[in-house]
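Subject: Structure for your review

Dear colleague,

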Amino acid sequence: MQPDITPQKFDDFLERLGTQEHERRLNYFRWLEYPLALSLLDAQPGQEVLEIGAGHVAATSLYLADKGCRVIASDLKSADEQVLHYVDLLRQRLGFPSANLSLKAADARELPFESGRFDRVLCVSTLEHTIPFEDSVIAKEIGRVLAPGGLAVITVPFNHGEHIEFNDAHGEEYLQRHYNEYSLRERILTPTGLHMERALIFGEHDFLDGDKWRQMPRDEQVAFCRHNLEHWERYWKVYYELDQDDFHIDREQLADSVQQRAGLVALRLVKSPLSATLWSKYIYDPLKSFRENGRYVRPFDEGPVGARLLDIKVHNMYGTPLDAFKSGETLLISAKIEVRGRTGVVFRATFEDDLGNCVARVDLPLADPQGLNDLELTFGMLNLGAGTYDLTLGLWDRDKPSPLPPVPLDVHEPAVQLVVGNDKPGLSGPVYLPYSVRF
């Protein structure tokens with residue numbers, strides 16, 4: 001896709017802000033992202049637009065207000081009188097009425113706007129900087145405040161491989177994640193409840209160009225942008241496009257040129273009558289999601305609920321530690337569970353074969369398990385075919401999407417490896433899985 005609002009056109013707009021302001025906003029890493037996002041948003045004069053994570057005033061908010069949209073630029077931080085004066089000065093330079101742009105301090109996890117208010121919602125490179133799993137809460141809010149038939153555009157960093165929850169620069173972790181196919185779908189697309197019309201995966205031809213730009217002094221960065229912007233296609237490109245909710249990537253079919261680790265994705269989402277049911281076609285596998293999302297487990301003291309597994313034991317009915325047994329025998333799992341915060345914690349036991357397929361799973365919602373608790377799960381007749389299995393035990397905040405994905409609170413993977421013998425070939429597989437629980 002070639003953006004309708006090209007990087008050159010967007011730069012022409014920035015020049016109207018004045019030389020100093022123009023140079024301040026010249027950014028190699030925004031050359032393609034801003035024009036693509038605005039092109040996908042397709043905002044029309046008179047429409048009401050919300051930009052989430054706009055800082056005090058993003059160039060995208062100014063562009064939309066100048067076009068005749070009624071823009072609310074929202075951010076977690078509030079603007080003081082000095083900032084308001086600065087924004088009004090930029091507005092006067094561009095010449096649009098003050099009613100076209102307002103600044104709003106707002107927590108995106110709980111937007112202070114009525115449902116269905118906005119014709120357009122824009123969120124550019126913001127969700128990746130949020131606390132883990134709160135990206136899904138904001139995604140849900142985006143879907144809520146969007147009007148029926150309205151469009152939302154979201155951009156975030158994207159990897160073809162592993163989901164990265166935290167970036168690491170110079171030995172320090174900071175809040176910037178890179179989504180992969182699975183985490184993008186489960187933590188952003190599904191929670192919005194919106195229909196995906198289009199997705200564009202884009203990035204640099206050579207990531208070393210960006211590294212070189214970062215290391216330049218500011219005056220050299222400005223000169224680089226001025227001299228090379230008209231040749232932006234030498235540096236940035238759209239690698240490929242996906243549409244109509246088909247956000248699935250066959251990595252074996254990817255050309256070598258798109259096997260980059262750190263690109264970006266721009267999502268164009270629409271609120272339609274079908275939106276609420278479209279994503280139900282995907283089979284949700286919480287354990288697979290947990291692994292694909294970088295095996296992140298929420299720390300015990302972080303978030304509204306904390307839970308952890310202590311003193312895990314897998315043994316037989318006589319209390320002997322068990323790592324091998326015959327199918328049909330009794331298996332017991334004992335654990336001490338500590339919970340802080342609200343109720344709704346789920347204890348999950350998952351059996352996987354040597355191919356990684358889940359052959360049996362039990363989810364046990366635990367009612368009001370505050371403080372320290374003892375749990376004993378007994379399988380009276382665990383029917384598994386001969387082979388080797390991984391038994392993964394974990395605590396999750398719930399067992400199903402709502403539509404937000406379940407959050408792993410504490411997952412021991414694998415807690416134990418089981419070697420199963422079977423001298424009764426007809427007695428195998430997850431056909432009969434009786435269990436009892438004492439809590």
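**The chain as a whole**

Please bear in mind throughout that this is a predicted model. The protein chain has 439 residues, of which 52% count as buried. Its secondary structure comes to 11 helices and 19 strands. Along the principal axes, the C-alpha trace spans about 80 × 45 × 45 Å. The accessible surface of the chain comes to about 20100 Å², and carbon and sulfur atoms account for 49% of that area. Among contacts between residues at least 6 apart in sequence, 78% join residues at least 24 apart.

In soluble globular proteins, nonpolar side chains tend to be buried together. Here the largest nonpolar core has 51 residues, and the members that touch the most others are Phe10, Tyr28, Trp31, Leu62, Leu64, Leu101 and Trp236. Helix H3, residues 33-41, gives the most to this core, contributing six residues. Another core, of 36 residues, lies apart from it and includes Leu331, Val345, Phe351 and Leu366.

Leaving aside neighbours within four places in sequence, Leu64 is in contact with Leu38, Leu41, Ala43, Val49, Cys69, Val71 and Leu122.

**Helix H6 and Ser136**

Helix H6 covers residues 134-145 and contains Ser136. Its end C-alpha atoms are 17 Å apart; at 1.5 Å a residue the 12 residues should span 16 Å, so the two values agree. Nine of the 12 residues of H6 are buried, and the helix is therefore largely enclosed by the rest of the structure. The buried residues are Glu134, Asp135, Ser136, Ile138, Ala139, Glu141, Ile142, Gly143 and Val145. They pack against E1, E4, strand E5 (146-158) and helix H7 (181-192).

What does the side chain of Ser136 reach? It reaches the backbone oxygen of Arg187, at 2.8 Å. Not counting residues up to four places away in sequence, Ser136 touches Glu186, Arg187, Pro191, Leu404 and Pro405.

**Two residues with positive phi**

Asp42 has a positive phi of about 50°, although it is not a glycine. Asp42 sits in the loop between H3 and strand E1 (48-52), and its relative accessible area of 35% makes it partly exposed. Phe133 is likewise not a glycine and has a positive phi of about 75°. The place of Phe133 is in the loop between strand E4 (118-124) and H6. Is Phe133 buried or exposed? With a relative accessible area of 11%, Phe133 is buried.

**Cysteines**

How many disulfides does the structure hold? The number is zero. Cys123 is in no disulfide, and the nearest cysteine sulfur, that of Cys69, is 17 Å away. Cys123 counts as buried, because its relative accessibility is 1%. Cys358, at 43% relative accessibility, counts as partly exposed.

Val314 lies in strand E11, residues 305-315, and counts as buried at 10% relative accessibility. Leaving aside neighbours within four places in sequence, Val314 is in contact with Thr320, Pro321, Leu322, Leu331, Leu332, Ile333, Leu391 and Val416. Val314 and Thr378 are 64 residues apart in sequence, and their C-alpha atoms are 9.9 Å apart in space.

Ser334 is placed in strand E13, residues 331-341. Ser334 counts as buried, since its relative accessibility of 16% is under the 20% limit. Its side chain makes a polar contact of 2.9 Å with the side chain of His315. Beyond four places in sequence, the residues in contact with Ser334 are Asp311, Ile312, Lys313, His315, Leu375 and Glu376.

With kind regards

Technical notes. Residues are numbered from 1 along each chain as its sequence is written. This is a predicted model: local features need pLDDT of at least 70, side-chain atom pairs count only at pLDDT 80 or more; totals for chains, interfaces and linings use all residues. Side-chain values use heavy atoms; hydrogens and water are left out. A nonpolar core is a set of buried Ala, Val, Leu, Ile, Met, Phe, Trp, Tyr and Cys residues joined through side-chain atoms within 4.5 Å. Buried means under 20% relative accessible area, exposed over 50%, partly exposed in between (1.4 Å probe, protein chains only). Helices (H or I, at least four residues) and strands (E, at least two) are DSSP runs, numbered from the N terminus. Contact means heavy atoms within 4.5 Å. A polar contact is a pair of N or O atoms within 3.5 Å; within protein, one must be able to donate a hydrogen and the other to accept it, and residues adjacent in sequence count only if both atoms are side-chain atoms. A disulfide is a pair of cysteine sulfur atoms within 2.5 Å. Accessible areas come from the Shrake-Rupley method with a 1.4 Å probe; for residues, only the protein chains shown count as cover. The expected span of a helix is 1.5 Å times one less than its number of residues.
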